[in-house]
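Subject: Structure for you to look at

Hello,

Here is the structure I promised. Please open it beside this message and follow along.

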Amino acid sequence: MATTTRKRIVAAAVEMTTASGWASVTMARLAKAAGVSRQTVYNEVGSKPALAEAMILDELARFLGVVEQAFDAEPDDLTRGIERAVSDVLTYAHANPLLHAVVSATHGADTELLPLLTTNAAGLLGVAKEVISARVTPYEPGIDPDRLGPAIDMVVRVVLSHVMQPSGTPEQTAADIAWLAGRVLGGRPAG
């Protein structure tokens, strides 16, 4: 599959951010790194804030791919699916250079990315909850349908909190979150 110009630009921005920080990313440097003109960068991604959002959403897609694989590996047990998904996401987060660059930014322009994962995370949360909801529904959770959305919201927000500030090993955190989610969601085997 051919890499689109937009993907090349976003990948170059991620590489620059992880190597030198978000403040080092300028449209001119990015254009040079991606092998395109500055105008092409603007045409493909727009402003620097739009580029930041594209980077975060691109990374979110990789995290959600990890979630999808985890649920696929546990088709008969919702609690095990959640546990595997949480453990795999936290393990992936631990080794993720972009996430580390965003979370460890403590000054100046480098802090511009952090709100995309915290205070301005509505888009990220919405996409994550949509994917999780689609994966949980086939298990026929034993919860009132009006309560399913808030339960999934709770799980997604707790996992995001642990992505941002881990408090234990991925395995222990996953076991704890899965235990709680299993109590709330219940569920029968999928299929």
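Please keep in mind that this is a predicted model. I began with the aromatic rings. How many aromatic pairs does a search of the whole structure find? The search turns up two.

Take F63 and Y92 to begin with. Their ring centres lie 4.7 Å apart. The planes meet at 80 degrees, and over 60 counts as edge-to-face, so this pair is edge-to-face. The two residues come from distant parts of the chain. F63 belongs to helix 4, residues 48-73. Y92 belongs to helix 5, residues 78-94.

The centre-to-centre distance is 6.0 Å. The angle between the planes is 55 degrees, and the pair is tilted. F71 sits in helix 4. Y139 sits in the loop between helix 7 (122-136) and helix 8 (145-164). The pair therefore ties together parts that are 68 residues apart in sequence. Both F71 and Y139 are buried.

One more ring is worth a look. K48 lies over the face of W22. The distance from the ring centre is 4.7 Å.

Next, the chain as a whole. What are its elements? There are nine helices and zero strands. Read from the N terminus, the order is α-α-α-α-α-α-α-α-α. The C-alpha trace spans about 55 × 35 × 25 Å along its principal axes.

The chain has 191 residues, and 42% of them count as buried. I also looked at contacts between residues at least 6 apart in sequence. Of these, 69% join residues at least 24 apart.

Last, surface and charge. The accessible surface comes to about 10100 Å². Carbon and sulfur atoms account for 56% of that surface. The side chains include 16 positive and 21 negative ones. The centres of the two sets lie 7 Å apart.

Best wishes

Terms used: Residues numbered from 1 in each chain as written. Predicted model: local features only at pLDDT ≥ 70, side-chain atom pairs only at ≥ 80, totals over all residues. Heavy atoms only, no water. Helix = DSSP H or I, 4+ residues; strand = E, 2+ residues; numbered from the N terminus. Buried < 20%, exposed > 50% of the residue type's maximum accessible area, 1.4 Å probe, protein only. Contact = heavy atoms within 4.5 Å. Areas by Shrake-Rupley, 256 points an atom, 1.4 Å probe, with all protein chains shown as cover. Lys, Arg positive; Asp, Glu negative; His and termini not counted. Charge placed at Lys NZ, Arg CZ, Asp CG, Glu CD. Phe/Tyr/Trp six-rings, centres within 6.5 Å; stacked < 30°, edge-to-face > 60°. Lys NZ or Arg CZ within 6 Å of the ring centre and 35° of its normal.
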